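Student: Could you take a close look at one part of this model with me? I would like to know how its pieces pack together, and I am new to this.

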Amino acid sequence: MIIPVNLDKNGYDIIFERGALQKVSDLLNLDRKVLIVTDDGVPPEYAEEVRSVSSDAYLTVMPAGEESKSFKNLEKICHTMLQNSFTRNDCVIAVGGGVVGDLAGFAASCYMRGIDFYNVPTTLLSQVDSSVGGKTAIDLDGIKNIVGSFYQPKKVIIDPKVLDTLSKRNFACGAAEIIKMAVCFDRKLFELIEEKGVKNCLEEAITGALKIKAAVVEKDEKEGGLRRALNFGHTIGHGIESVTGLFHGECVAMGMLPMCSEKVRKRLSDVLKREDLPVDLSSALRRYGVKPAGSNMAEKIAEASSHDKKMINGTITAVRVEEPGSFRMEKMNREKLEKACMEVVS
């Protein structure tokens with residue numbers, strides 16, 4: 001299946017096909033210098049699949065984890081391209097999850113003011129969310145994605161076969177992003193997931209999420225309005241992630257719940273539990289052996305959240321869901337944000 005992202009000169013195709021990774025030589029222009037960026041948590045055969053069919057390939061392997069989204073690693077990637085005389089005719093390919101895609105995409109956007117970038121996401125979360133839409137970034141001083149750019153890929157290759165090697169925990173994180181998009185934009189998809197579970201309707205769930213993401217990006221490429229709805233659960237979720245180091249999808253799952261009506265919260269909580277996702281912070285910290293970052297957790301999460309989404313004049317704009325398939329924007333002051341964070345903590 002080809003899902004187009006129609007953005008005039010910045011448009012591209014998402015190729016969704018089981019076994020697509022083995023056809024990468026037919027799908028991408030690899031007859032040039034190619035820098036493949038991956039991390040040590042990704043099965044090495046995935047990057048090797050791309051390297052083996054590239055005419056002049058270079059490989060950079062980062063440590064797995066959010067800490068790799070740093071200026072140090074951005075410099076490392078750009079230095080590798082400079083040392084090997086990459087030009088604007090060459091390309092960067094991310095093979096991995098969201099961290100790899102964010103970092104490699106940002107490096108591609110910076111080097112020589114922009115060279116071609118392809119994304120080959122290998123986690124469910126990156127397949128349905130971060131690989132599409134052109135958001136690239138690194139972290140700074142513990143704040144996620146605070147330095148970055150909008151830079152669209154030339155093509156995205158999504159092969160659901162690579163999910164066979166994904167851990168249960170990482171699969172659940174991707175399910176959280178699918179649920180996020182369904183509950184905001186597609187009532188029928190949410191009801192399907194509610195009935196069957198993500199794994200039992202996986203390809204329909206992935207393509208449904210991709211179509212939502214593509215349609216939103218087409219209408220609002222640089223997050224001036226509608227695209228902010230894709231941040232449902234992220235305002236508080238990114239705060240939790242910054243303070244605790246729990247996985248992104250887990251934090252988004254918890255971050256969605258305080259931003260729902262009571263009726264939706266009950267249904268959403270049941271869906272999240274079935275997908276093996278946390279619905280409160282205390283239980284999540286115990287489950288994954290993470291020590292709380294001192295006292296006043298709600299205050300710390302609110303502080304990180306306000307940095308992440310750039311609180312303006314004492315208020316922050318968050319996404320709220322009253323009914324499945326719809327949303328509204330809500331302005332929150334610091335007191336209201338802390339109250340919502342307290343709901344997650346307790």
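Tutor: Let's start where N73, L74, I77, C78 and M81 in α3 meet L103, A104, F106 and A107 in α4. Contact here means heavy atoms within 4.5 Å, and helices (H or I, at least four residues) and strands (E, at least two) are DSSP runs, numbered from the N terminus. Before going on, please note that this is a predicted model, in which local features need pLDDT of at least 70 and side-chain atom pairs count only at pLDDT 80 or more, while totals for chains, interfaces and linings use all residues. Residues are numbered from 1 along each chain as its sequence is written, and side-chain values use heavy atoms, with hydrogens and water left out.

The residues of this α3 and α4 contact divide into 8 nonpolar, 1 polar and no charged. In this scheme Ala, Val, Leu, Ile, Met, Phe, Trp, Tyr, Cys and Pro count as nonpolar, Asp, Glu, Lys and Arg as charged, and the others, Gly among them, as polar.

How are two packed helices described? The angle between their axes and the distance between the axes are used. The axes are lines fitted to C-alpha atoms, for helices over the stretch in contact, and the angles run from 0 to 180 degrees between N-to-C directions. For α3 and α4 (residues 98-110), the angle is about 50° and the axes are 9 Å apart. That makes α3 oblique to α4; angles under 35 degrees count as roughly parallel, over 145 as roughly antiparallel, 65 to 115 as roughly perpendicular and the rest as oblique. The crossing of α3 with α4 is right-handed. A crossing is left-handed if the near helix is turned anticlockwise from the far one by less than a right angle, and right-handed if clockwise.

Helix α6 (residues 168-185) packs against α8 (residues 202-219) at an angle of about 55°, and their axes are 10 Å apart. The two are therefore oblique to each other, and α6 passes α8 in a left-handed crossing. On the α6 side, F171, I178, M181, A182 and F185 take part, and they meet L202, A205, A209, I212, K213 and V216 of α8. By class, this contact has 10 nonpolar, no polar and 1 charged residues.

Helix α6 also has α10 as a partner: their axes come within 7 Å and cross at roughly 40°. That makes α6 oblique to α10, and the crossing is left-handed. R169, C173, A176, E177 and K180 of α6 meet H248, G249, E250, V252, A253 and M256 of α10. The class count here is 5 nonpolar, 2 polar and 4 charged residues.

Is it mostly covered or uncovered? It is mostly covered, with 9 of its 9 residues buried. Buried means under 20% relative accessible area, exposed over 50%, and partly exposed in between (1.4 Å probe, protein chains only). Among the buried residues are H248, C251 and M254.

Let's stop at E250, which is in helix α10 (residues 248-256). Its relative accessibility is 1%, so E250 counts as buried. Leaving aside neighbours within four places in sequence, E250 is in contact with R169, C173, L277, P278 and Y288. There is also a polar contact to explain: that is a pair of N or O atoms within 3.5 Å; within protein, one must be able to donate a hydrogen and the other to accept it, and residues adjacent in sequence count only if both atoms are side-chain atoms. A polar atom of the E250 side chain lies 3.0 Å from the backbone nitrogen of F247.

Finally, look at D276, in the loop between α11 (262-274) and α12 (281-287). With a relative accessible area of 24%, D276 is partly exposed. Most residues other than glycine have a negative phi. The phi of D276 is near 65°, a positive value in a residue other than glycine. N145, in strand β8 (residues 143-150), also has a positive phi, about 55°, although it is not a glycine. N145 is partly exposed too, with a relative accessible area of 30%.
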